[in-house]
Amino acid sequence: MNKILFDIKDLSFSISKKEILHSLNLRIYKGDYLSIIGPNGSGKTTLIKCLIRINEAPEKKLFFNNIPIEKFSQKKLASLISYVPQVTEQSFSFTANEFLMLARYPHLSRFTSVTSKDKIAVAEALDITESTNLADRQMNTLSGGEKQMVFIASAFAQGGKVILLDEPATFLDPKHEQKIYEILKTIHNQTNKTIVTVTHNINSAILYSDKIALLKDGQIDFYGESDKITEDNTLEKAYDKKFTFIKHPNSKKSIILPEVL
Amino acid sequence: MIKNKKLILLFFSAFAILVVALTPFVGMEKIPFETILHFDSTDIKTDIFWRLRIPRVLIAFVAGSALAISGMTFQAMFRNSLATPFTLGVSSGAAFGAALYIKLGFIFSLFGIVGQTIFAFLGALISIVIIYALSKIKRGFSVGTMLLAGVAINFFFSSFILFIQFMSDFTESFSIMRWLMGGFEIVGYTDIYNILPFIIVGSLIIIFLSIELNLLTLGEDIAISRGVSVSKVKNTLFIATSLMVSGVISVVGPIGFVGMMIPHISRLIIGSDHRYLVFLNIIFGGAFLVLCDTLARTLIAPAEIPVGVITALLGGPFFIWLLINNSGDGSSI
């Protein structure tokens, strides 16, 4: 059994007095590729934002490496965990390279400028995400897919052990969507980083991740090996909808087939 | 690219030095170069140069720098070029504080800081607390709403100031009104000493946090996930800007739009990296306000136009131009 990285115990979290997460329990293990799925409004984004303390969870509910997460300085936490937010229309007036350099913030000391270590980290990140050619482009001129790739690169350059992603491939065309998943898989396989990604795409969760956590109404409804999610009517109950499954000819895992109306 | 940025800074520094060195000679009273070297002389021109023009140019420079980097800081924190201490009502809060002090008529100082500055600082803090509370109540407050709130805060304090004026006699009222227009004609070296500590402390804080400012322009969530303690940094920046804005306003009145125009133009010139942007704002903002003040005292000489009128005449159209080009999602940053 792998080491427990995140240990979430009895976590409740409210936004504007509305409780989103209800006494949620979840363990995330080191080196796993975990997908978090669940219906709209089930609290996926809220949960992932708690893990990097964008949402400040109540004390002693959330542990990282057995230490309550509130004990870390934000900088220390950022040197261990990085985060790719949901796709935004927001624009950034930096080049991709400058954007990646900003991700080195947790390793920067105030009075020294960029070190060769930072440069290497950025170059590596661009390399593993196959975006070296984008380095000198202005962020505002990148396509949706390219921008998302630069975001993943920046999370990699940040240098932590864990990468959290919030719907990294939503709104992308099939080619770029697949490329995002391929790169995540490459990162996972080559560097053994823990990957936690929120997604609406259940099939990609089944095909690419080791484990799936299914969130419903702010609680974990299912947690286990990704191919077990299609058993026992788990999905039917969570989404309140019928699903038709088919075995993927290559991977032999059962995946969801679109319904005929 | 980095070389270019240093070159730009060098070029503007040279420009600023020229401006500061030459403008004291310009004015109703032509001052030949030789006269300024006769320190002991009773020549009125020497006096005008050293006792009036030099402190005036210096304080205009310091005020311009402070207003520019305060504006830059607000623009970065709110990720919008229209959000500045002036538009969000911080200036009018400070103005209210200072006007109240003039009306109350008692004179005091605390740790060597004159009462007017302290009152202005408290007024600025009230505005900041209101803005801050608004942005906390509802997360993801749009900048449009923020600006409207700023308009409301401005109205609120303006009516207070009107009330104070109404309650004042003719001379008080006139001095408040004249001061509200902004200007440098009555400043001396003591004013410089009075506000310089505020400006230096505020500027150093902002220079120190310039990388954090870069990260804040990416949005708060990203800044947090990159390791910035966002609330701590923002609180510090709010205090730093309040210090500077109230320091400036208490001495020279609420001079508007410098904090909007200069940071925006600077960003177009040198880019969004605050490590360079902050210095360009200091240099360019200072030189700009010195030039505006030179216009103010020469255009209709022997009378003077309040410098606030000049910056507002330039700033109004600039604001509208920004409004048209601003999509409101921070893209103008």
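## Overall form of chain A

Chain A has 261 residues, for which a compact globule would have a radius of gyration near 18 Å; the value for chain A is 19 Å, which agrees. The model is a predicted one. Along the principal axes, the C-alpha trace of chain A spans about 55 × 45 × 40 Å.

Eight helices and 12 strands make up the secondary structure of chain A. Of its 261 residues, 43% are buried. Among contacts in chain A between residues at least 6 apart in sequence, 66% link residues at least 24 apart.

## The four-stranded sheet of chain A

Chain A contains an open sheet of four strands in the order E2-E1-E4-E5, paired antiparallel. E2 and strand E5 (67-68) stand at its edges with a single partner strand each, so one side of each has no neighbour in the sheet.

Strand E1 (residues 4-15) of chain A pairs with strand E2 (residues 18-29) of chain A over eight bridges, in the antiparallel sense. Within this pairing, A:Leu11 has A:Leu24 in E2(A) as its bridge partner. E1(A) and E2(A) form a hairpin with two residues between them, and A:Ser16 in the turn has a positive phi of about 45°.

At the other end of the strand order, strand E4 (residues 62-64) of chain A and E5(A) pair over two bridges, again in the antiparallel sense. Here A:Phe64 stands opposite A:Ile67 in E5(A).

## Two loop residues of chain A

A:Arg104 lies in the loop between H3 and helix H4 (116-128) of chain A. Is A:Arg104 buried or exposed? A:Arg104 is buried, because 23 other C-beta atoms lie within 10 Å and the cut-off for a buried residue is 20 or more. Leaving aside neighbours within four places in sequence, A:Arg104 is in contact with A:Asp118, A:Ala121 and A:Ala157. A:Arg104 and A:Val122 are 18 residues apart in sequence, with their C-alpha atoms 8.3 Å apart in space.

A:Asn192 sits in the loop between helix H6 (174-191) and strand E8 (194-198) of chain A. A:Asn192 is not a glycine, yet has a positive phi of about 60°. With 10 C-beta neighbours inside 10 Å, A:Asn192 counts as exposed, since the cut-off for an exposed residue is 12 or fewer.

## Contact between chains A and B

The contact draws 24 residues from chain A and 19 residues from chain B. On the side of chain A that touches chain B, the elements giving two or more residues are helix H2 (74-80), strand E6 (81-84) and helix H3 (96-102) of chain A. H2(A) supplies the largest share of that side, five residues. By type, the residues on the side of chain A that touches chain B are 13 nonpolar, seven polar and four charged.

## The largest nonpolar core

In soluble globular proteins, nonpolar side chains tend to be buried together. The largest nonpolar core in this model has 169 residues, of which A:Leu100, A:Leu164, B:Ala63 and B:Val248 touch the most other members. Helix H2 (residues 44-78) of chain B gives the most to this core, 16 residues.

Which residues does B:Val248 touch, not counting residues up to four places away in sequence? They are B:Ala63, B:Ala66, B:Leu67 and B:Ile195.

## Helices and a loop residue of chain B

Helix H12 (residues 274-298) of chain B has 25 residues and should span 36 Å at 1.5 Å a residue; its end C-alpha atoms are 35 Å apart, which agrees. Of the 25 residues of H12(B), 21 are buried, so H12(B) is largely enclosed by the rest of the structure.

Helix H10 (residues 230-252) of chain B gives a similar check: at 1.5 Å a residue its 23 residues should span 33 Å, and its end C-alpha atoms are 32 Å apart, which agrees. H10(B) is mostly covered, with 17 of its 23 residues buried. Just after H10(B), B:Gly253 takes a positive phi of about 85°. B:Arg79, in the loop between H2 and helix H3 (90-104) of chain B, has a positive phi of about 55° although it is not a glycine. B:Arg79 is buried, with 20 other C-beta atoms within 10 Å.

Technical notes. Residues are numbered from 1 along each chain as its sequence is written. Chains are lettered from A and ligands numbered from 1 in the order in which they are written. This is a predicted model: local features need pLDDT of at least 70, side-chain atom pairs count only at pLDDT 80 or more; totals for chains, interfaces and linings use all residues. The expected span of a helix is 1.5 Å times one less than its number of residues. Two strands pair if DSSP finds at least two bridges between them. Two residues are in contact if their C-beta atoms, placed from the backbone, lie within 7 Å. Ala, Val, Leu, Ile, Met, Phe, Trp, Tyr, Cys and Pro count as nonpolar, Asp, Glu, Lys and Arg as charged, and the others, Gly among them, as polar. A nonpolar core is a set of buried Ala, Val, Leu, Ile, Met, Phe, Trp, Tyr and Cys residues joined through C-beta atoms within 7 Å. The radius of gyration is taken over C-alpha atoms; the globule rule is 2.2 Å times the number of residues to the power 0.38.
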